[in-house]
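Good morning, and thank you for making time for this presentation.

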Amino acid sequence: MGRGKLFCLYDIGLGDEKMTINFFMENLANGVSLGSLYALIAIGYTMVYGILRLINFAHGDLLMVAAYAVFFMIAAMVPWWIAAILAVVITAIVGVLIEKAAYRPLRNSPRISVLISAIGVSFLIENLGLVVFSGVPRAVYRPEIFDKSVSMGGITTSSLTFYIIGATVILLLALVYLLNKTKTGMAMRALAISFDTASLMAINVNRIVSFTFAIGSSLAAFGGIMWALKYPQINPLMGVFPGLKCFVAAVLGGIGNVTGAVIGGFILGIVEIMAIAIFPSLAGYRDAFAFIILILILLFKPTGIMGEKMTEKV
Amino acid sequence: MKKLMVLFVVMAMVLPMALTGCGGTTTAPEEAQAPAGNPEGDTIVIGVFEPMTGDAAQGGQLTVEGIELAHELYGEVNGKEIELKVVDNKSDQAEATTAVARLIDKEKANVIVGSYGSSYSMAAGETLKNQGVPAIGCSPTNPLVTKDNDYYFRGCFIDPFQGTVLANYAIDDKNFKKAALLVNKGNAYSVGLANYFKKAFEAKGGEIVAEQQYQKGDQDYTAQLNTIKQANPDVIILPGEYAEMALGVDQARKMGLEVPFFGGDTVDVDKFLDYGDLVEGVTISSHFDPAQPELTDETAKFMEAFEAKYPDRTPGAFHALGYDAYLLAVDAIERAGSADSDKIRDALAETNGFEGATGVITLDENGDATKPAVIREVKDSEFKYVATVQPE
């Protein structure tokens, strides 16, 4: 029912005379481009939730950490691809440290405490960023291969779009493989069901949780680097809205389900672009679209598109 | 049925929020009338409120650099030392009001300088008027900043003029007939400048073929640019922050939209040039260019001091405007012969033929400066002087 409501927006717009096929396709391409970015970031969000039942609000801010890490390394003349790899490693370490410092001590506390701690960490990183990096937006260097435009059948778009979609698909497949085909993945899935039972099965809970955070943070780092390539400017608060919107994408797809997160990300990106293309006067409220979707999903299909009802962990 | 009811309630909650926008309106807190300033103090306090963090931080920081430079050269007036108190308004309207209230109540400022960004100046205007402390804007160009406010002055031109300058340049010099607007809907400067451009452009026989909007913080303009591309304009006007301009130009080029971009003075910051090839050819109207004719002795003094302090940088419009706003304050205090806020206000209102770094400044009955504008264009990652446009 929730989906039916969303799609009727398109039907109204298609009757509009401005909406030629070419215009529609260009907007679709832009929507897919934005959606793939949301999808990439939402995967990490949803994976951490799926394993630990924790909404890591600092996920969006890890994007910023990764983007600044790349920025400063490139400024220090490190080649961009080495900078990108190092930034992913640095962000993974930051993610693991956050878990150790702010979430692990609260593991046996009510879940709301961990959630509040996550919000605290998020604010801490943002404000630390403001103090250390200053609030001024900075221009980001973009390697040439990401800086081309590609024309296909009358549609022109950035070459970066294809790299982002490619990265999203590869990371999704790798993650699905990791979770379903490896021993570590099995351990992660066991943790998702019960920490206590898992530890009785000789699973090192702390190690697996750290590993989960390392993977989730690396995904955030990938998202942050891609984001900074697509919108070549960074500022300390750059992760706030992407973080919130990718959370919406994750909920839309069914939180905890990585494939769902990708679908949710694409839907969100396409809806956002299409809504503005069809109703230009609503452009000022683009962020509101994401949250209206969130409210509707929570009201009508709280488990999301791909999500299944999970029994509460005790 | 129950779900429909819930849906209805949600919509009822969400829609008013959407309709009024997220920008939020700010009302100045009602402060009790207290004696302003410290006329008896040993020092004179010049309070500065500028965006040091947030979206407008770059402009604010440049302005403060200019003000500090002026303070180093002119640190004394009427035999008293001048104290400079800088407060961050965080690129936020509510914070701007708080910042000004703090400068008046806590720092006992005799006169206030600021702020970059018309929205923040307008938000603070009411407090200044109620408290009776005069303020000099460095670069807020929206006409409403000084309108109906006897305590607000500025050392820069205003947007009706800036919009006309851009429109005339587009039509007369570039022969552009069709323009598209991409406007930050929640920003007084952006909306104002776009409207004045539109008025002047249409009066000269030009046509606005598309009007698109975005909101503060948006990074993706592809949907708007796609609609603009469909309308096939000769030029796109994007009156926004420099970072927004850079993103807009980049996304337009990536979708094969190769028309020139015009912007206002907010783009005139050196960080904009960091975007390199991306922003090549962007044309802006601004307040100051070292190459423009009709500058003063003060310009030379400013340039020399700037180059001594920042050997690797070139001074921009906001440096010069910050410098001039401070000088206007000092000049008024000197002529008033007193640190009393009302006397300073009266002296400011009489400012006539004052030689500043950006040219000769005379304040009109609204407290606005009548000054020429310059057109600058990004060439080889530098702002190049194109033309000077005289006020009518």
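I begin with a pair of side chains in chain A: A:K245 and A:E272 form a salt bridge, with N and O 3.4 Å apart. A:K245 belongs to helix 10, residues 240-253, and A:E272 to helix 11, residues 258-278, so this pair ties together parts of chain A that are 27 residues apart in sequence. Please bear in mind that this is a predicted model. Over all chains, the count of salt bridges comes to 27.

Let me turn to the interface between the chains. On the side of chain A, 43 residues are in contact with 41 residues of chain B. How much area is buried between chain A and chain B? The figure is about 3600 Å², and carbon and sulfur atoms give 59% of that area. As a general remark, the size of an interface is often given as the accessible area lost when the parts come together. Three salt bridges are found across the interface of chain A and chain B. In a salt bridge between the two chains, B:K229 pairs with A:E26, and the closest N and O atoms are 3.2 Å apart.

Next, helix packing within chain A. Helix 2 and helix 6 (residues 160-181) of chain A have axes 8 Å apart and pack at an angle of about 20 degrees. Angles under 35 degrees count as roughly parallel, and helix 2 and helix 6 of chain A are therefore roughly parallel to each other. Their crossing is left-handed. On the side of helix 2 of chain A, the residues in contact include A:V32, A:L40 and A:I51; on the side of helix 6 of chain A, they include A:I164, A:L171 and A:L179. By class, this contact of helix 2 with helix 6 of chain A has 14 nonpolar and four polar residues, with no charged ones.

A second pair in chain A is helix 4, residues 80-103, and helix 5, residues 111-133. Their axes come within 10 Å and cross at roughly 130 degrees. Helix 4 and helix 5 of chain A are therefore oblique to each other, and their crossing is right-handed. From helix 4 of chain A, the residues A:I98, A:A102 and A:Y103 meet A:V114, A:S117, A:A118, A:V121 and A:I125 of helix 5. Seven of the residues in this contact of helix 4 with helix 5 of chain A are nonpolar, one is polar and none is charged.

How are helix 2 and helix 9 of chain B arranged? The axes of helix 2 (residues 57-73) and helix 9 (residues 297-309) of chain B come within 11 Å and cross at roughly 105 degrees. Helix 2 of chain B is therefore roughly perpendicular to helix 9 of chain B. B:E68, B:L69, B:E72 and B:L73 of helix 2 make the contact with B:F302, B:A305, B:F306 and B:K309 of helix 9. The residues of this contact of helix 2 with helix 9 of chain B divide into five nonpolar and three charged, with no polar ones.

I close with the backbone. In general, most residues other than glycine have a negative phi, and most peptide bonds are trans. A:R53, although not a glycine, has a positive phi of about 55 degrees. A:R53 sits in the loop between helix 2 (21-52) and helix 3 (59-75) of chain A. In chain B, the peptide bond from B:G114 to B:S115 is cis, with omega near 5 degrees. B:S115 lies in the loop between strand 4 (111-113) and helix 4 (118-131) of chain B.

Methods: Residues numbered from 1 in each chain as written. Chains lettered and ligands numbered in written order. Predicted model: local features only at pLDDT ≥ 70, side-chain atom pairs only at ≥ 80, totals over all residues. Heavy atoms only, no water. Axes fitted to C-alpha atoms, helices over the stretch in contact; angles between N-to-C directions. Helix = DSSP H or I, 4+ residues; strand = E, 2+ residues; numbered from the N terminus. Parallel < 35°, antiparallel > 145°, perpendicular 65-115°, else oblique. Left-handed = near helix turned anticlockwise from the far one by under 90°. Contact = heavy atoms within 4.5 Å. Nonpolar A, V, L, I, M, F, W, Y, C, P; charged D, E, K, R; others polar. Buried area = accessible area lost by both parts, 1.4 Å probe. Salt bridge = Lys/Arg side-chain N within 4 Å of Asp/Glu carboxyl O.
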